[in-house]
Amino acid sequence: MNTNQVNQGTIENGGEDSVAVLTPPLSLDCESGTDYRAPNLLHRILALLKNVRPGSDLTRFSLPPIFNIPKSQLQCYGESVYCVNSDMLTKCANGETPLERFISVVAWTISTLRPLMFGVAPYNPILGETHHVSRGNLNVLLEQVSHHPPVTALHATNEKDKIEMTWCQYAIPKFYGINKDSIVLLVKHTPYSLGRGQRWDILGLFGFFLYNYAAPLYHIGTSIETQVLGKRQLKLLNNGETYVMNSPNLVIKFLPVPDVEWLGNVTVRCQETGLEAELCFKGTSFLGRRGNYRSIKGKILSSMKTIYEISGHWDRTVTIKDISNGKMTVIYRAKDVISAMKTPVVKDVKSWDKAKDSKTAIEDKERELVRNRISKGEAWVPNHFVLSNCKQETGEWEWEWEDLDVS
């Protein structure tokens with residue numbers, strides 16, 4: 001699929017024409033709500049309760065389509081590579097010195113992050129699903145190579161600039177609860193007393209209620225932290241350089257302020273030059289204070305010695321400071337890279353029941369295929385990737401590009 005040429009088409013459906021529309025890429029503009037507006041929270045809660053009954057088997061629970069944005073996780077993953085306004089990959093390849101190229105790779109790594117919307121998620125890919133996009137000189141192919149655990153592999157090439165990329169993504173979610181000390185802190189720092197004429201602050205009300213009336217909820221889940229494992233590798237073939245990096249963790253916060261954040265430590269390393277960058281992605285505190293919201297702190301090292309300090313915000317600007325002379329240089333402007341990426345407007349889904357039926361049919365078909373393979377003693381073989389390494393102790397999977405599709 002070429003996103004520069006294919007935008008929409010008309011599909012015949014029982015005598016009625018319906019328009020198939022490519023959904024907008026995740027970008028800074030998504031937060032304004034102009035491209036996609038999730039159904040309101042009440043509708044989503046009612047849809048969730050409608051699908052859960054006493055005694056239900058939650059291992060077969062399917063998230064209602066009203067919780068899904070109209071695109072696959074494969075597409076969202078691929079967009080972080082091919083949906084940009086500035087060709088940062090070419091800049092990586094064209095740097096005159098190893099240090100220039102390394103700084104460009106660090107900036108490009110930051111550019112792969114996208115703002116996400118709370119309360120909605122893309123559709124889970126089915127086993128064997130692929131997503132292929134050609135844009136300019138860049139060709140990107142993704143495949144869902146495993147379902148349990150869910151693993152996505154990506155391979156991209158730029159023949160003109162001699163760039164090759166292989167990624168593997170495997171997410172492990174963990175649930176975190178609230179404790180009594182956090183509630184005490186919440187109550188302590190927010191007003192809730194009407195006796196002195198103070199207003200009822202929403203955080204104070206929440207904390208007051210939990211502390212006095214909801215002791216059984218002390219260990220309720222307040223966030224989901226998803227550790228994103230898998231090897232990410234970028235090769236600049238003309239320079240004989242290989243860069244290896246990891247991904248920050250994806251954290252979904254429910255309390256006290258719902259949000260989705262990228263948090264944690266990221267390392268970018270060039271094996272041939274010995275250059276290394278350490279990045280720390282920060283977010284809001286438990287009380288919802290946004291002083292470090294979407295901030296980055298880090299450093300670039302050469303021979304274990306810091307030569308640049310990194311600071312900024314991944315959704316605004318990121319700068320580096322030369323330790324030797326104090327010079328500040330902007331290496332990344334999010335507005336120039338991941339904003340104003342327009343595609344046809346998403347059509348509002350009027351019939352969620354039809355969407356649910358279609359989603360259920362796909363999931364049931366996939367379960368049937370799994371049962372058939374098990375009964376025949378067959379294993380799933382991906383078309384474009386092979387498993388090169390699996391670390392049982394850490395749960396990390398590594399897949400290498402090897403196009404096996406002979407069709």
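Is Glu241 buried or exposed? Glu241 is buried, because its relative accessible area is 4%, below the 20% cut-off for that class. The close-ups below start from the whole predicted model and come back to this residue in its own view.

**View 1. The whole protein as a predicted model, with its confidence.** Welcome to the overview: the protein has 8 helices and 20 strands. Of its 407 residues, 43% count as buried. The accessible surface comes to about 22200 Å², and 53% of that surface belongs to carbon and sulfur atoms. Among contacts with a separation of 6 or more, 55% are between residues 24 or more positions apart. The average pLDDT is 75, and 63% of the residues score at least 70.

**View 2. Where to zoom with care.** Among the elements of the protein, strand 1 (residues 8–13) has the lowest mean pLDDT, at 35, whereas strand 17 (residues 317–322) has the highest, at 98. Over residues 1–21 the pLDDT stays under 50, and the model has 35 contacts beyond four places in sequence for this stretch. Residues 344–349 are also below 50 in pLDDT, with 12 contacts in the model beyond near neighbours in sequence. A friendly reminder for anyone planning calculations: where pLDDT is low, the predicted coordinates should not be read in detail.

View 3. Strand 15 (residues 295–302) and strand 16 (residues 305–313) run antiparallel and are joined by 8 bridges. In this pairing, Ser295 stands opposite His313 of strand 16. The hairpin formed by strands 15 and 16 has 2 residues between them, and Ser303 in the turn has a positive phi of about 55°. Strand 16 also runs antiparallel to strand 17, through 5 bridges.

**View 4. Glu241 and its surroundings.** Glu241 sits in strand 11 (residues 241–245). Its side chain makes a polar contact of 2.5 Å with the side chain of Tyr243. Beyond its neighbours within four places in sequence, Glu241 is in contact with Pro98, Arg101, Leu234, Lys235, Leu236, Cys270, Glu272 and Thr273.

**View 5. The largest nonpolar core.** This core has 54 residues, of which Phe102, Trp108, Leu154, Met165, Leu234 and Tyr332 touch the most other members. Helix 4 (residues 98–111) gives the most to this core, with 7 residues. Centre the view on Tyr332 and, leaving aside neighbours within four places in sequence, its contacts include Met88, Ala107, Ile110, Trp314, Val318, Val337 and Ile338. Arg316, Ser111 and Thr317 are among the contacts of Tyr332 too. A second, separate core has 6 residues, including Val145, Ala153, Cys168 and Tyr170.

View 6. The buried residues are Leu74, Gln75, Cys76, Tyr77, Gly78, Glu79, Ser80, Val81 and Tyr82. At the start of helix 2, a side-chain oxygen of Ser72 comes within 3.1 Å of the backbone nitrogen of Leu74.

Key. Residues numbered from 1 in each chain as written. Predicted model: local features only at pLDDT ≥ 70, side-chain atom pairs only at ≥ 80, totals over all residues. Heavy atoms only, no water. pLDDT = per-residue confidence, 0-100. Helix = DSSP H or I, 4+ residues; strand = E, 2+ residues; numbered from the N terminus. Contact = heavy atoms within 4.5 Å. Pairing = 2+ DSSP bridges. Buried < 20%, exposed > 50% of the residue type's maximum accessible area, 1.4 Å probe, protein only. Areas by Shrake-Rupley, 256 points an atom, 1.4 Å probe, with all protein chains shown as cover. Polar contact = N/O pair within 3.5 Å; in protein donor to acceptor, adjacent residues only side chain to side chain. Core = buried A, V, L, I, M, F, W, Y, C linked by side-chain atoms within 4.5 Å.
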